[in-house]
Amino acid sequence: MSNASSSPRHPQGDEVSGRGRILVVDDGITMRLYYRSVLEAAGFEVEEATNGVEGYEKALASAFDLMIVDINMPKMDGYAMLRAIRTDPALCAVPAVTISTEASERDAQQALRAGANFYLVKPVGSKELTEVALMVAGRSPR
Amino acid sequence: MKNAQLLARFIGEARDLLQGTSSGLLQLDRGPGDEAALNEVFRGFHTLKGSVGLFDFPAFTKLVHAGEDILTAVRSQDLVLTSDLVDRLLDALDQVSSWVDHLERSGEMPGDADGVSREMTAALRVCLPDPPAGGGDAPAPASRSSVLCVDAPWLATFAPEEREAALSGATASGSALIAFDYLPAEDCFFFGEDPFALVTGLPGLQCLSVTPVASWPAIGTLDPYRCHLRFRGLVLGPSDAVETAFRYVPDQVAMAPVPPGFLGGEATGEGAAPTVEPWAPMARRILGQQREVLAFALEEDGRAARIESVIRTVSGLLATGGHAARSRLWAERTSAASADAAAMTELLDDWLAADGAAAAAPPASGEAVPERAPDRSRPGQADGASQDLKPANRVLKVDQAKVDTLMALIGELVVSKNSLPFLARRAEDIYGSRDMSREIKDLYGVIDRLAQEMQGAIMAVRMLPVSEVFDRLPRLVRDLARRLDKRISLRIEGGDTAADKNMIEVLGDPLIHVIRNAIDHGIETPDLREQAGKPPEAVVRVAAFQENDQVVIEVSDDGRGIDPAKIREKAVAKGILDAERAARLTDQDAINLIFYPGFSTAPEVSDLSGRGVGMDIVVTTVEAAGGTVSVTSETGLGTRVRLSLPLSMAVTRVMLVEVGDTPYGIPMDHIVETVRVRRGAVRHIKQAEAFVLRQSIVPLVRLDRVLDLPDRRVADDPDHEEAVLVVRVAGSLLGLVVDHFREGMDIILKPLDGILSSVRGFAGTALLGDGRVLLVLNLKELL
Amino acid sequence: MALRFGKNGVTVDGGAGVEDALTLLEYLQSHPAAGVNLRKCETLHTAVLQVILASGRTVSAWPRDAVLARWLRSVFPGRPSPGDRTEPGRR
């Protein structure tokens with residue numbers, strides 16, 4: 001229904017090489033494989049973490065252009081991880097997208113409040129995921 | 001995306017989850033208050049639901065979703081988990097498990113899955129307190145998005161004057177303006193629905209557009225009993241009134257409030273080209289949510305932390321092309337020292353309104369969402385519980401090949417991590433970014449630590465106690481003693497000392513050989529012992545212990561010891577060295593002669609240890625594994641042989657040197673120090689070169705010559721400083737002249753194989769982080 | 001039956017229900033030039049509306065009921081209307 005012409009899926013060639021790094025935090029091994037394959041196909045470098053604690057540690061350990069964070073995870077859930085990230089001066093600028101199975105407005109608000117920049121509901125199609133990743137982390141100046 | 005691969009991953013994950021979830025359920029059945037178990041079970045269903053959503057298996061999704069809802073209710077204490085309920089959940093898991101088996105076999109769900117799922121889902125859902133009306137609580141994955149994206153093309157559905165009227169209507173009444181998009185089900189007429197009547201009956205309807213879902217078919221092929229229409233419109237709120245109107249068709253309607261400020265009063269006009277790039281729907285959604293984030297930031301006194309992430313997100317989005325002007329504006333607005341949430345919100349509002357509408361906000365949802373309390377799960381608790389489940393010290397049998405694979409992978413990791421210092425250097429040298437270089441180095445530190453820990457962990461798995469070898473000894477000693485008419489008591493100590501299994505394997509033969517030697521040559525017969533005033537029963541002591549990163553095995557006996565005089569005699573007799581030199585040897589050096597190939601001290605070759613192999617074979621074997629052998633002895637009192645091996649042979653530490661632009665690795669244990677020697681200070685002794693290091697003459701060897709590299713004429717500048725690596729080879733010092741020293745690093749040494757295996761002088765190869773192959777020198781062979 | 005069929009067109013009188021859709025469709029197919037008179041129409045079922053829209057016929061007279069007339073006017077493409085092209089097909 002949109003006639004918006006700027007399709008973000010076809011960036012100019014010279015910018016492809018500058019694609020960013022994405023940290024995927026999800027306790028589901030299938031979900032991680034899915035994210036990894038979709039995002040790598042779009043040219044991103046993907047790192048995985050299996051819970052909030054690991055996600056936080058990995059976020060601390062190196063620089064990312066985007067974090068994709070599940071909400072319900074063991075040890076430390078997505079909300080707690082995001083809150084931790086946002087109180088850390090080194091990490092507070094990194095954009096974060098939460099992807100959760102919970103579709104209610106309340107969950108979305110809670111995620112945005114905790115520290116997410118964007119909220120998506122599972123299942124997220126590969127096209128949608130690629131689009132979001134490209135828009136937020138595709139060519140962010142680092 | 002290879003779907004098969006994803007499915008295979010899912011099948012594995014599902015099985016793990018099913019197992020954990022089932023045992024969690026059984027745990028809950030025994031102790032319903034077990035919060036950790038409850039969380040685990042909930043997460044099992046939850047994760048299954050999330051993962052299966054990637055596939056088109058609605059029957060599967062619905063059943064695990066029902067299970068999750070049950071557990072949500074249990075967690076929020078709206079539902080008591082009875083044994084009956086546990087049974088139903090276990091049944092559901094069994095069913096899911098059989099589906100997983102079917103998926104693995106055929107890649108699809110069985111034909112009866114829908115029916116089975118419907119029944120089991122219903123059986124679960126009846127247990128839920130207060131089932132939501134109309135079952136609308138379980139949105140099928142295929143149902144349309146409940147979030148409507150209101151964008152410019154969408155609003156262009158309505159005539160400008162209508163939009164204006166709607167706006168003024170909203171302003172006048174003070175009500176919210178709500179956009180709706182209603183796509184009736186094709187068969188809705190059969191359910192007595194009349195979408196047009198429903199829509200025109202909406203109180204406060206402002207604009208309406210009715211369009212065909214697809215272009216109209218030829219009139220002759222139109223099925224008048226199927227609905228092909230789509231209804232879109234703007235209606236004055238409140239939103240719950242609109243929701244009520246659509247209450248029977250919630251899955252066919254998407255709604256979003258249109259925030260005040262949209263349309264901006266002036267219509268863009270039909271077909272008028274917008275002056276700025278229109279937003280893609282996803283961009284609009286993203287920007288809209290940034291506004292929300294900023295709103296939270298404002299609530300919390302404009303917390304800078306949140307603003308930073310919004311700046312990054314929006315900057316990234318604007319960089320996707322076509323937004324150059326906005327990008328500049330955004331940079332200006334946010335680079336100001338006082339980038340504040342209010343100013344940013346204003347800019348976002350401008351943009352969102354600019355091409356005709358404002359951000360789509362998700363519809364205000366009136367439904368009561370059961371209180372979810374993810375925060376209640378205390379960190380670490382689930383872990384503790386799952387540990388409790390397992391009996392302590394459970395032994396896992398693992399195929400050795402798997403451990404070896406893991407070891408090899410970690411080896412690769414160790415090698416890969418070595419590329420980071422290269423990268424850091426490049427960042428600094430080529431791209432001039434010290435910060436980046438430092439960041440990479442920091443990162444390297446972290447990865448290095450993790451890799452080491454990981455290596456340690458896997459090493460631990462491979463560790464075996466030396467008793468694996470020691471257990472063979474009593475029998476050996478007893479047999480030998482009887483054949484030689486000697487009385488021997490074997491004492492073993494430190495059998496639980498652990499070492500890498502490779503080392504244990506290496507250790508076996510040399511150890512047996514040393515013990516044979518001791519019994520054969522060292523231990524006297526009982527009568528000889530008594531003559532010497534010793535107890536008739538000799539003692540052979542085998543002790544293992546760890547010393548730094550070495551495992552040490554000492555074999556000592558209280559026999560006659562090694563007589564240096566006899567050794568000298570024999571060495572001279574065998575022509576190994578002349579009498580004059582033999583006389584100059586210290587006693588210890590003389591004793592060391594037993595390691596000389598072919599040397600044997602027994603007057604006659606016994607049938608036991610003298611099968612043409614002497615101590616030299618022990619030394620060769622142990623040194624090949626990176627170990628050392630030493631012997632000490634006191635005549636008449638006994639001999640002690642010390643075998644020292646690295647705990648593991650996986651990683652070799654080398655120092656990189658460069659000769660002729662090629663890196664070579666020198667094993668670290670050879671290296672004494674690195675020095676710079678002025679060319680003028682190099683002494684020439686005939687063809688040979690040497691230099692003075694702390695009052696001793698150290699011979700110089702040019703590595704390029706040893707390696708037969710092409711001769712490179714260097715200017716004969718006496719002030720030129722040579723890079724000299726002082727190494728100790730076979731006990732003596734030597735200076736190796738190289739071009740440059742580089743860093744030390746851990747490598748996984750791969751022995752030369754194939755036709756290269758006969759090349760002398762190289763210990764093997766290793767892959768460098770920058771992709772080059774490193775040749776590691778074997779100095780002993782080379783020099 | 002709220003439909004009255006003439007040689008040059010069809011008149012909707014009162015409320016047209018879902019059962020009228022097929023009859024109307026058949027009539028319009030056999031009368032390619034016929035227009036639709038909605039002056040006396042009080043309610044129009046979606047199915048009937050759909051047939052008229054799909055046939056592309058002009059409405060010769062709008063209902064006297066102002067509310068119905070307003071929404072019907074906005075629905076028919078006789079006027080500057082939504083630039084809605086072909087939809088990507090329904091799910």
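This is a predicted model: local features need pLDDT of at least 70, side-chain atom pairs count only at pLDDT 80 or more; totals for chains, interfaces and linings use all residues.
Me: Is strand β2 (residues 205-212) of chain B mostly covered or mostly open?

Reply: Mostly covered: seven of the eight residues in β2(B) are buried.

Me: Now the sheet in chain A. What is the strand order, and what is the pairing?

Reply: Five strands form an open sheet there, ordered β2-β1-β3-β4-β5, and the pairing is parallel. At the edges sit β2 (45-49) and β5 (118-121) of chain A, each pairing on one side only. On average, neighbouring strands in this sheet are turned by 20° against each other, direction ignored. If you zoom in on one pair, strand β4 (residues 96-100) of chain A runs parallel to β5(A) over four bridges, and Thr98(A) has Tyr119(A) as its bridge partner in β5(A).

Me: Which strands does helix α3 (residues 52-61) of chain A lie across?

Reply: Helix α3(A) lies across β1 (21-25), β2 and β3 of chain A, and runs at about 160° to β1(A). Step back and chain A has six helices and five strands, which follow the pattern α-β-α-β-α-β-α-β-α-β-α along the sequence.

Me: How much of chain A is buried?

Reply: Buried residues come to 61% of its 142 residues. As for contacts in chain A with a separation of 6 or more, 64% of them link residues 24 or more positions apart.

Me: Which residues touch the most other members of the largest nonpolar core?

Reply: That core has 109 residues, and the ones with the most contacts to other members are Ile22(A), Met67(A), Ile68(A), Val97(A) and Ala133(A). The core also draws at least three residues from each of domain 1 (3-135) and domain 2 (152-354) of chain B. Apart from it lies another core, of 55 residues, including Phe196(B) and Val48(C). Back in the largest one, pick Ile68(A): leaving out residues up to four places away in sequence, Ile68(A) touches Ile22(A), Val24(A), Val25(A), Tyr35(A), Val97(A) and Ile99(A).

Me: How does the six-stranded sheet in chain B read?

Reply: Go across the open sheet and the order is β14-β18-β19-β17-β16-β15, with mixed pairing. Its edge strands are β14 (671-678) and β15 (683-685) of chain B, each with pairing on one side only. Here neighbouring strands are turned by 40° against each other on average, again ignoring direction. Within the sheet, β17(B) pairs with strand β19 (residues 732-738) of chain B in the parallel sense, over three bridges; Leu700(B) stands opposite Gly735(B) in β19(B).

Me: Why does Lys75(A) count as buried, and why does Gln695(B) count as exposed?

Reply: Count C-beta neighbours inside 10 Å. Lys75(A) counts as buried because it has 20 of them, and 20 or more is the cut-off for buried. Gln695(B) has 5, so it counts as exposed; that label applies at 12 or fewer.

How values were computed
Residues are numbered from 1 along each chain as its sequence is written. Chains are lettered from A and ligands numbered from 1 in the order in which they are written. A nonpolar core is a set of buried Ala, Val, Leu, Ile, Met, Phe, Trp, Tyr and Cys residues joined through C-beta atoms within 7 Å. Domain bounds come from an automatic or database domain assignment. Two residues are in contact if their C-beta atoms, placed from the backbone, lie within 7 Å. Helices (H or I, at least four residues) and strands (E, at least two) are DSSP runs, numbered from the N terminus. Two strands pair if DSSP finds at least two bridges between them. Axes are lines fitted to C-alpha atoms, for helices over the stretch in contact, and angles run from 0 to 180 degrees between N-to-C directions.
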